Amino acid sequence: PGPGPGPGIPATRAFGTTQPRHADAAAVRGLSSEVARYASLAIAPSTRAAYSHGERHFRDFCQLCRWDPLPASVAVLASFATFMARTVKPATVANYLAAVRNLHLEHGMEDPTVGAILLPRVMKGIRRSAGVNPVRTRLPLTNHMIRRLVDGIAVDSSLLAADRRMLWAAILLASHGFLRCREFVANDSFDPRADATHDNVSFTYSNGRPVLQFKMKRS
């Protein structure tokens with residue numbers, strides 16, 4: 001046998017034992033609940049809501065086919081993707097598959113999409129059949145285009161003078177601020193908590209020149 005532990009070294013530590021002391025046991029108590037909490041925080045609430053929608057479709061599909069949803073085989077996933085492609089877009093099908101993957105992980109199961117050769121081929125075929133392979137190119141908004149927009153607004157007799165000024169201001173704000181429409185225009189009904197109001201616009205001076213400041217409520 002080898003030499004014993006040196007002076008001041010506990011015997012339970014000298015030979016690499018993992019048995020914790022009483023003080024250490026108190027420190028590690030509740031780790032499992034903390035692990036679960038951190039794992040749940042890894043997914044944003046909006047993503048979790050989207051996953052819930054996809055999981056519901058997957059469970060309904062498995063019930064229709066009389067298959068067990070967990071664990072799901074590659075054949076089941078491919079069948080589910082093909083079934084959903086009849087009614088939703090390829091991007092939505094991919095989101096539903098991500099939800100199924102998350103469902104397995106949250107139940108302590110392996111990722112069913114890892115090493116799945118058939119599933120990527122099916123998804124590629126779904127995208128190709130929907131004609132989503134080409135990437136849409138967005139043309140830049142040039143000063144010439146802006147001038148044509150403004151000139152068109154100026155001669156539109158159906159617009160009030162106030163509406164012309166409003167549209168002209170919106171075009172300038174969007175083009176010079178590189179804004180998306182949803183960042184300063186209400187989609188359906190106006191909501192002052194999310195949509196731009198007069199309080200979001202202010203004017204200051206810099207080097208004797210007026211400067212407009214716009215505070216976005218969402219981006």
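The model is predicted, so local features need pLDDT of at least 70 and side-chain atom pairs count only at pLDDT 80 or more, while totals for chains, interfaces and linings use all residues. Residues are numbered from 1 along each chain as its sequence is written, and side-chain values use heavy atoms, with hydrogens and water left out.

I begin with the salt bridges. A salt bridge is a side-chain nitrogen of Lys or Arg within 4 Å of a carboxyl oxygen of Asp or Glu; the count by this rule is 3.

In one of them, Arg 48 pairs with Glu 106, with the closest N and O atoms 2.8 Å apart. Arg 48 belongs to helix α4 (residues 45-65) and Glu 106 to helix α6 (residues 90-106), so the pair ties together parts 58 residues apart in sequence. Helices (H or I, at least four residues) and strands (E, at least two) are DSSP runs, numbered from the N terminus.

Next, Asp 111 forms a salt bridge with Arg 101, at 2.6 Å between the closest N and O atoms. Asp 111 is buried, at 17% relative accessible area, whereas Arg 101 is partly exposed, at 35%. Here buried means under 20%, exposed over 50%, and partly exposed in between (1.4 Å probe, protein chains only).

Asp 151 and Arg 147 also meet in a salt bridge, at 3.9 Å from N to O. Both lie in helix α8 (residues 143-154), 4 residues apart, about one turn of the helix.

I close with the hairpin. Strands β1 (residues 201-206) and β2 (residues 209-214) run antiparallel and are joined by 6 bridges; two strands pair if DSSP finds at least two bridges between them. Thr 204 has Val 211 in β2 as its bridge partner. In the turn, Asn 207 has a positive phi of about 55 degrees.
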